[in-house]
Structures are given as C-alpha cells and as structure tokens.
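Below is a short report on one protein model.

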Amino acid sequence: MKFSHSIQFNAVPEWTSHYIAYSNLKKLIYTLEKEINVGHQIVYEEGEEAPLLENARDDPDKVFSHALNRELEKITSFYELKEPEVFGEVDELLRDEEAYQADHEVHEGENGQQTYHRRSVAGRERRQSDTFREWGLGRRRRTSTNSRALERIPSGGSSDDEAGENTALQQTKSRDSINVPEYSKDNMDPSKIKGGKTNSALEDVSDVALSIAYSQGATLKKRMVSLYVSLCELRSYAQLNKTGFTKVLKKYDKTLDRELRAKYIKEVVEQAYTFKQETVDRLTEKVTHIEQHYANLNTGGNLDQAKRELRLDLREHVVWERNTVWREMIGIERKAQAANLGSRRTILGDETERKQGDSGEGVVTKEVETPVGNYRIPKFLVEATFWYLVVILAIFLVLLFVPILDLPEQQNCLAMVVFVSLLWATEAIPLFVTSLLVPFLVVVLRVVRQDQAPFRRLESKAAASYIFGAMWTPVIMLLLGGFTIAAALSKHNIAKMMATFVLSKAGTRPRNVLLTVMFVSMFASMWISNVAAPVLCFSIIQPILRNLPNDSPMIKALLLGIALSANIGGGASPIASPQNLIALQNMAPEPGWGVWFFIALPVCIISILLIWILLLVTLNPGRGTTIVPIRPMKDKFTGTQYFISAVTVGTIALWCATHQLEPVFGDMGVVAILPMVLFFGTGILTKEDFNNFLWTIIILAAGGLALGKAVNNSGLLRTLAEGVTKGVDGLSLYAIMVVFAAMIMVIASFISHTVAALIFLPLVREVGQNMAEPHPNLLVMSSVLMCSAAMALPTSGFPNMTAIMMEDPQTGQRYLQVKHFITRGVPASILTFGVVISVGYGLMRAAGL
C-alpha cells in the first residue's frame with residue numbers, strides 16, 4: 001500500500017486535516033525537479049510561495065524545508081492542543097478510580113466468606129455524587145474528540161438519554177463480561193452483610209449500594225477503554241507523521257539527488273515537541289497507568305490479560321471507525337486495477353456493478369429505431385460480442401453435423417478446434433474461460449482415442465483422466481518456476497536495482513539513453529517475463545518523462561522502444577513468455593537453454609539495433625531534448641537479495657545443463673521446483689505472492705496443451721498436416737519456413753501471441769515431421785520467434801497494451817496514439833522477420849535443428 005493511502009487508512013477520521021500533507025509535498029518535489037532540470041517557471045497555487053520558488057534552482061533545500069516547516073508547525077500545534085486535553089481526562093479518571101477503590105473494600109468474614117464494607121456515609125454520598133456526575137446528571141466531564149468512541153453501542157430503542165445510556169452499559173457488560181470480583185451477587189447478598197442482619201431497611205440500602213457499586217465499576221471501565229483508545233490514537237498520530245517526514249524526505253533526496261533527510265530529521269523534526277523523546281515517554285507512561293489501573297479494577301491485577309482486553313477494544317474501535325474508509329480504498333484500487341487490465345463489458349451485464357440498494361431492474365435495454373416504430377430491446381442484442389458468439393456457435397454446429405472427415409472423432413475434433421480458436425481470436429469470452437472449455441468438449445465429444453491399435457475412442461471416464469493428465473505437464477511447472485523467480489526479483493527490488501544501475505551509465509545523450517533503455521527492457525523480459533518488464537522500465541524512466549514536454553518525440557521513442565524491445569525479449573529465453581514453453585512442448589528433443597540462447601540472443605540483439613535506428617530516423621528524439629540522468633539506487637545488497645540472486649543463477653545454470661543432467665532431474669519442470677521451495681519455504685515469498693501469480697495465463701497454457709494433445713491423439717493433426725504438406729510439396733525447407741513465419745507474423749498481430757502459438761505450433765511441427773527431410777524443430781523455433789516479433793498494433797502483446805495506456809499524470813492525455821504503433825510497429829515487425837529468416841535460419845541450421 002502506498003504511504004499516502006496508509007495515512008488515509010490509519011488516520012483518526014476527525015483529525016484528517018491535521019496530518020502531514022504527504023501528497024502535496026510529493027507534488028512539490030516533482031515541481032522542484034522540473035524547475036531544476038528544465039528551467040520552466042513554476043506556478044504555485046499559493047501566492048506566498050512564489051518568491052521562494054523563484055530561487056528553487058539555486059537552493060531547492062530552502063524551498064522544501066519551508067514547506068516542511070509549515071507542516072511541522074501544523075502538526076505540533078494540534079498535538080500541543082490535544083495532549084493536555086487527553087492527559088487531563090486521564091488524571092481525572094485515575095483520581096476517580098483511586099477514590100472508588102478507597103470507598104469500597106472486601107474483607108474476609110469469619111468462615112472465609114467475603115464481606116462488603118462501605119467506608120462512611122460521607123464517602124458513600126461523595127461516590128454517589130461522582131456517579132451521577134459521570135452519568136451526565138451533574139457537571140459535564142470534558143470529552144476529547146474520541147472519548148465517545150465506545151458510546152456507539154446501540155441502545156435498546158429508548159429515546160431517553162439515561163435509558164439509552166443504561167441499555168448501552170448493560171450491552172457492554174454482556175459483551176465484554178465485565179469482571180468486578182469484589183462485587184459479585186453472591187458476595188453482595190444482604191444476608192451476609194454485617195453479620196446477617198436482614199431487616200427491610202438494610203436490604204433496601206444494600207440493594208442500592210450494590211447497584212451503585214456495579215454502576216461505578218462498569219462506568220470506570222468504559223472510561224478507561226475510551227481513554228486508552230484516545231491515548232493510542234495520539235501515539236499513532238505522532239508515529240505516523242514522523243514516518244511521513246522520513247519517507248517524503250527520502251523521496252526528495254532520491255528525486256533531486258540531495259542529502260537533506262538526515263540533517264532535517266535530526267535538527268528539526270526530532271527537536272519538535274511532538275517527536276521529542278520525553279514527549280513519547282510521557283505518553284507511554286500514561287498508557288501504562290491506564291493498563292495498570294484497568295488490571296486492578298477488572299482483571300484482578302493480571303496485567304497481561306488487561307492489555308489483551310484493551311487492545312481488543314482498540315481493534316474493534318478501529319474496525320468500526322475506519323471500515324467505510326477501508327472499503328472505499330479497496331474499491332478504488334480494484335477499479336483501477338480492472339481499468340489497467342482492460343476489463344471488458346460482460347454479455348448480459350452493464351459496465352458498472354449492481355450495488356446493494358440499486359433498483360432490481362432486469363436486463364439493461366436500448367431503444368432501437370425501426371420503420372414501424374421505436375422499440376426497446378435488451379442491450380446485449382446490439383453488442384458485437386453477442387453476435388460474435390452467435391456466429392461462432394453456428395459455425396461450430398455446422399462443422400459438427402456436416403460430414404467433412406471420415407472418422408467421427410476427427411470430425412468432432414475439427415469442430416472443437418475451430419470453435420475454440422475463434423473464441424480465442426475474438427475474445428468473445430475471456431481467454432482462460434475458453435481454455436476451461438477444452439477438457440469439457442474433449443470428453444463430451446469423445447475426441448480422444450487409444451494410443452495403440454485398434455485406436456478405439458475412449459469412454460468418457462477414461463477420456464477425462466487422459467485429458468486432465470495432459471493439462472498438467474512439466475511445462476506448467478516451468479511456467480510456475482519462471483513466475484517464482486520473477487516475483488522474487490521484483491518484490492525485493494533486485495531487477496530495479498540492476499536496471500537503474502545500467503541506465504545510470506547511459507549518460508544524457510538521447511540516442512544512448514534510448515538504446516540502453518531498449519536493451520534493459522529486453523534483458524528484463526528474459527527473466528521477469530515480457531508482462532512485468534515494461535511496467536518496471538516505465539517506472540524507472542518516470543524522472544525522464546516528468547522533465548520532458550508532453551509532445552517531446554523522446555517520450556514517444558522511449559515508450560515505443562520499451563514496448564517493442566519487451567516483445568522481442570519475449571523470445572530471448574524459454575521462460576520469457578508462455579509461447580516459448582508451448583514451443584518446447586512441441587519440440588522433440590527439447591533444445592537446451594544453451595541452444596536457445598545461441599539462436600535467440602543474436603536475433604534479438606540485431607532486431608533491437610535495427611528498431612533503434614528506425615526510431616532515430618522516424619522520430620529524431622535528440623532534437624531539442626535534455627535528458628535528466630537516472631541515478632542508481634543507493635541501497636546496498638542485503639543477505640536476502642544475495643540469496644535470491646544465487647538461487648536464480650543456480651536455477652538458470654541447471655536449466656542450461658538439463659540435457660547433461662537428464663539422468664538426475666529428468667526435465668526442466670523438475671528443476672523449477674527448487675526456486676519455488678527455496679523462496680516460499682524460507683518466507684521470501686508468501687502465500688499472497690503465490691495467489692498473485694498470473695493464473696489466467698497458466699490456465700490458458702494448460703488448455704492449449706490439452707487441445708494440442710487432443711488434436712494429435714484424434715488423428716486430426718496428421719490429417720491436416722498431410723493436406724498442408726501436399727500444398728507445399730516441392731518447396732524447400734527455407735521456403736516453408738518463410739511461409740509459416742510470415743503467416744504467424746500477420747495472425748499474431750491481431751490475436752494473442754500465446755493463442756497464435758497454441759493454434760499453429762502443433763500444425764507446424766506435424767508438417768515438419770512429414771517432410772521428406774524432417775526439420776520440425778527448426779520450423780517451430782522460427783515460428784515461435786515470429787510470435788514474439790508480431791507487434792504492429794497496440795493490441796499485439798502485453799507490452800504494447802501497457803505502452804498505449806501510459807498518460808501524462810497532469811493532463812491525463814495519452815503519450816501514444818494508434819498511428820504511432822502502426823507506423824513504427826509494422827516496419828519493426830518486418831525488420832525482425834527479415835532477421836529471423838536470415839540470421840536466425842543460419843543459426844538454427846548451425847545448431848542442428
């Protein structure tokens with residue numbers, strides 16, 4: 001959670017305006033950065049700041065310190081106002097509690113029985129007066145802003161103040177089980193008071209005494225809990241604001257490359273009354289007093305139990321007070337996340353969720369004009385998604401019942417393949433949902449058959465076991481291992497530290513910075529996936545973007561360079577993207593990591609150099625551009641980071657040596673278990689990190705593997721491959737590779753790269769096996785490289801979708817338009833295609849594919 005959100009969540013609601021203005025201070029930091037690096041005149045909202053900001057370039061510390069001083073004065077003034085108010089109530093409570101203890105005692109009787117004593121009539125009358133005062137019938141007791149925190153327990157419906165208070169007290173008693181051991185009902189039996197005299201008057205007096213004693217004890221407990229909450233909120237107020245000063249000064253030093261934090265914290269913040277050690281000690285002492293007196297009154301002197309009860313009440317108060325804020329914040333975060341992921345409207349729903357209390361209307365309707373009048377019809381009937389589904393279902397039924405192939409299992413399998421492929425291509429329903437349909441259709445349509453002659457179709461139960469077994473393969477474990485390494489490198493800032501270190505060496509020349517950023521993006525894609533890599537790189541270049549004009553060609557070059565390089569980097573290692581793992585599943589024997597690097601790295605490096613030249617020529621990013629240098633992170637490597645790095649390097653080394661170690665590990669998927677056990681077992685990654693894996697990608701890959709297995713087992717793949725082989729009969733291996741690479745480049749530009757691999761790689765492999773001189777691995781390798789190189793449109797891969805969503809935080813305008821991707825993405829794809837069919841082909845033949 002960001003610290004600005006943390007302040008909102010942890011702040012006392014009534015004190016919100018008195019906390020450090022963290023977000024405003026961050027905006028001031030970025031304004032100072034822009035003034036220093038760009039030289040633009042700063043326009044500040046408040047006029048009194050303008051004279052200071054005019055000299056920001058010469059002395060930004062003075063400007064920022066002035067803003068901090070104003071925040072510090074606001075916080076200190078509020079604290080100095082609240083502290084005596086709360087402390088005064090604490091002192092008054094402690095005096096009342098001591099008087100209460102003095103006026104009511106319990107002594108042992110002759111037979112070991114406890115006897116209740118009242119010290120004097122005067123003392124009794126004084127305590128009764130105190131009780132009435134506490135209940136609001138005498139002079140009013142001072143109340144702090146939150147001393148009414150525990151007054152919110154609902155009354156039993158009475159409108160009378162006293163009745164409501166009594167009801168609340170009774171509910172508090174039943175909920176908290178208030179323990180006043182000196183005044184239990186057995187001990188207060190009138191027959192046991194003063195030797196057992198039981199005249200009517202004495203009974204009445206005893207009943208009144210019992211009622212008063214119990215009411216006083218319960219009220220004191222309630223006041224103690226309320227003041228304990230107030231003291232803890234006051235302590236939290238000081239701690240949260242001190243953390244705010246520390247964090248905002250750290251950000252200031254990092255952004256502007258200054259060293260103000262240590263000096264300002266020591267000489268200014270720690271000298272302020274709110275943050276002095278004696279102030280903290282005094283507050284802690286008051287909390288300790290409350291805990292001790294609560295223990296004496298309610299837990300028989302058990303201090304540990306008293307602390308547990310008080311902290312439980314504090315948690316209940318926090319949940320009650322801040323539940324609404326928490327829900328709203330979570331809602332905002334989830335909506336933002338959904339927006340960033342490009343969530344789509346559902347078929348039968350509206351853009352917005354139905355909330356509790358909303359009208360219970362049925363399906364949303366839309367008015368349609370016709371020659372015979374206007375009619376309202378369900379809105380989903382005019383949605384393109386609905387008609388996509390209708391057409392796809394129609395095609396599925398036609399292929400299912402119109403005889404095309406001789407064998408029924410192949411006929412059904414063809415209908416299923418076309419149905420699933422169209423759903424994937426149009427995204428009429430989410431991709432992973434389509435993948436879940438695969439095992440269902442395989443079993444219902446009885447697509448799979450026995451692996452050996454006479455190849456009978458399997459019954460449903462056997463088919464279910466077969467297809468579900470095909471969904472979980474070593475490839476899925478390899479995917480999980482890649483996600484684990486990526487999560488560890490990202491969570492512990494190793495990837496960011498390496499990236500900022502490399503970029504800090506790039507200097508300030510635009511062309512050098514652009515080239516370095518592109519290679520960093522490619523390298524990051526190799527290890528933390530081409531989904532996370534562009535996000536990381538976009539966050540690193542934020543200082544550059546903030547200090548360039550919105551229409552600067554350098555911004556467009558950087559964003560396009562990162563996206564295109566991340567796409568290409570998706571083919572640089574076997575774990576860089578899901579399509580590579582699908583390719584490994586379709587290659588026999590699987591090439592080792594060394595062979596993959598031998599082929600893919602030169603292709604990727606040459607392609608990035610060509611795209612770099614393309615961006616320089618078409619955008620001319622160096623024209624009138626001043627680059628702010630990126631500074632490396634100053635944090636030193638910790639033991640945990642060294643451990644993560646060692647495990648990552650060791651795992652990659654084992655993956656590279658898989659063929660040599662095959663007698664030991666058997667498959668790369670088994671090696672992938674090592675980082676999972678080491679990172680999750682040691683607590684470096686948690687269950688939440690595991691839940692945050694891209695499970696939709698895993699389900700998509702599993703469904704694709706199951707589809708490939710079913711197509712191969714049914715015999716449909718061989719039938720289709722024989723037909724394609726006849727069509728390319730007479731063509732050389734090189735010509736066939738060019739045909740397949742070009743076809744996949746075009747198709748993968750319009751649909752997901754992973755989906756393109758799922759659909760076409762099994763067919764490519766089968767065609768390669770049926771050739772006179774089989775080279776299936778070469779065709780699969782060239783095809784999967786082109787899957788990553790298809791990047792002509794904003795929707796062509798995760799990096800492009802991330803880049804097109806980047807916008808100026810001040811104006812909300814996007815940096816890139818669709819035309820920028822088409823005019824640079826299409827040439828970039830063609831350039832990479834040329835590298836794959838030339839350099840890549842030569843390297844694949846040299847590697848023996």
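## Helix α9

Helix α9 covers residues 277-298, 22 residues in total. Its C-alpha atoms span 31 Å from first to last, close to the 32 Å expected at 1.5 Å a residue; the expected span is 1.5 Å times one less than the number of residues. Helices here are DSSP runs (H or I, at least four residues), numbered from the N terminus. Just after α9, Gly300 has a positive phi of about 65°.

Several residues of α9 are buried, among them Thr279, Leu283, Val287, Ile290, Tyr294 and Leu297. Buried means under 20% relative accessible area, exposed over 50%, and partly exposed in between (1.4 Å probe, protein chains only).

## Basis of the model

This is a predicted model, in which local features need pLDDT of at least 70 and side-chain atom pairs count only at pLDDT 80 or more, while totals for chains, interfaces and linings use all residues. Residues are numbered from 1 along each chain as its sequence is written, and side-chain values use heavy atoms, with hydrogens and water left out.

The pLDDT is the predictor's confidence in each residue, from 0 to 100. Its mean over the protein is 75, and 76% of the residues reach 70 or more. Over residues 349-361 the pLDDT is below 50, and this stretch has ten contacts in the model beyond near neighbours in sequence. Residues 40-53 also stay under 50, with 23 contacts beyond four places in sequence. Contact means heavy atoms within 4.5 Å.

## Salt bridges

Side chains of opposite charge can pair when their charged atoms come close. The criterion for a salt bridge is a side-chain nitrogen of Lys or Arg within 4 Å of a carboxyl oxygen of Asp or Glu. The whole structure contains ten salt bridges. One of them joins Arg258 and Asp61, at 3.1 Å from N to O. Arg258 lies in the loop between α7 (200-256) and α8 (261-267) and Asp61 in helix α4 (residues 60-103), so this pair ties together parts 197 residues apart in sequence. Arg258 counts as partly exposed because its relative accessibility is 28%.

Arg282 pairs with Glu83, the closest N and O atoms being 3.7 Å apart. Arg282 is partly exposed at 30% relative accessibility, whereas Glu83 is buried at 6%. In the other pair, Asp91 and Lys286 have their closest N and O atoms 2.7 Å apart. Asp91 is partly exposed, with a relative accessible area of 30%, and Lys286 is buried, at 13%. Elsewhere, Glu409, Arg449 and Arg457 are linked in a network of salt bridges.

## A buried asparagine

Asn580 is located in helix α20 (residues 578-585). Its relative accessibility is 0%, so Asn580 counts as buried. Leaving aside neighbours within four places in sequence, its contacts include Gly570, Pro574, Trp596, Val784 and Ser788.

Definitions and conventions. Helix = DSSP H or I, 4+ residues; strand = E, 2+ residues; numbered from the N terminus.
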